[in-house]
Amino acid sequence: PDIDPRTLRGPGVRLTIERRMNQSALARPAALLEREHEVERVRAALDAVEQRAGRALVIEGAAGVGKSRLLEEARVLASDVGLRVLNARATELEAGFPFGVVRQLFERPLLQADTGERDRWLAGAAALAADVLTGAPTTASGVPGPGPSLGDPGYAWQHGLYWLASNLSVDTPLALVV
């Protein structure tokens, strides 16, 4: 415990690690084989998003056919064309964790945003999403916020999440990859 870790490595190792860390970027995955049609569909959906014409693309198939790899390609392509990419994985853990996928998508951007940006993103009906993402009440007075009745919080939260995604996409088109 009292050994200096710098004495355990040879000369030049630190420079190599630091150089790699400074040069780190989104790694380009190996090319997909025999997936040209699917990759073209992903590109078409991303082109529509670039044109501010929202698009949903569903990738489904049996286990092991490469859905995760195709989603990774979508994430990289979306980043390459300048979209804000928020991604999440829907694993068994999220099945027992309310709004687990939603939290993966939106918590980090909200936490990393400055106060003004966060307030702008959670403005209007998007404020209803704050309860889902932070657990903090959105209004101090207890008066219902904008949007649907709080009698159905599930609907209100979904409505708020829709507007949060919409507000996030005002500055930069948004790709949600799940």
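About 300 Å³ of space lies in the second largest pocket of this predicted model, a pocket being an open set of points on a 1 Å grid over the protein atoms alone, with protein on both sides within 12 Å along at least five of seven lines. Its volume is the space filled by probe spheres set on the points. Lining residues, those with an atom within 4 Å of a point, include Lys-67, Glu-72, Arg-75 and Val-178. H3 contributes the largest share of this lining, five residues; helices are DSSP runs (H or I, at least four residues) numbered from the N terminus.

The largest pocket has a volume of about 780 Å³. Of its 29 lining residues, Arg-55, Ala-56, Leu-174, Ala-175 and Leu-176 lie nearest the centre.

Five salt bridges were found in the whole structure, each defined as a side-chain nitrogen of Lys or Arg within 4 Å of a carboxyl oxygen of Asp or Glu. Arg-69 pairs with Glu-73 at 3.5 Å between the closest N and O atoms, and both residues lie in helix H3, four residues apart. Glu-73 is buried at 9% relative accessible area, whereas Arg-69 is partly exposed at 22% (buried, under 20%; exposed, over 50%; partly exposed, in between; 1.4 Å probe, protein chains only). Arg-120 and Asp-171 form another salt bridge (2.8 Å, N to O), which links distant parts of the chain, 51 residues apart.

Residues are numbered from 1 along each chain as its sequence is written, and side-chain values use heavy atoms, without hydrogens and water. In this predicted model, local features need pLDDT of at least 70 and side-chain atom pairs count only at pLDDT 80 or more, whereas totals for chains, interfaces and linings use all residues.

Methods: 1 Å grid on protein atoms, 1.4 Å probe; cavity = no way out; pocket = protein on both sides within 12 Å on 5 of 7 lines; lining within 4 Å. Helix = DSSP H or I, 4+ residues; strand = E, 2+ residues; numbered from the N terminus.
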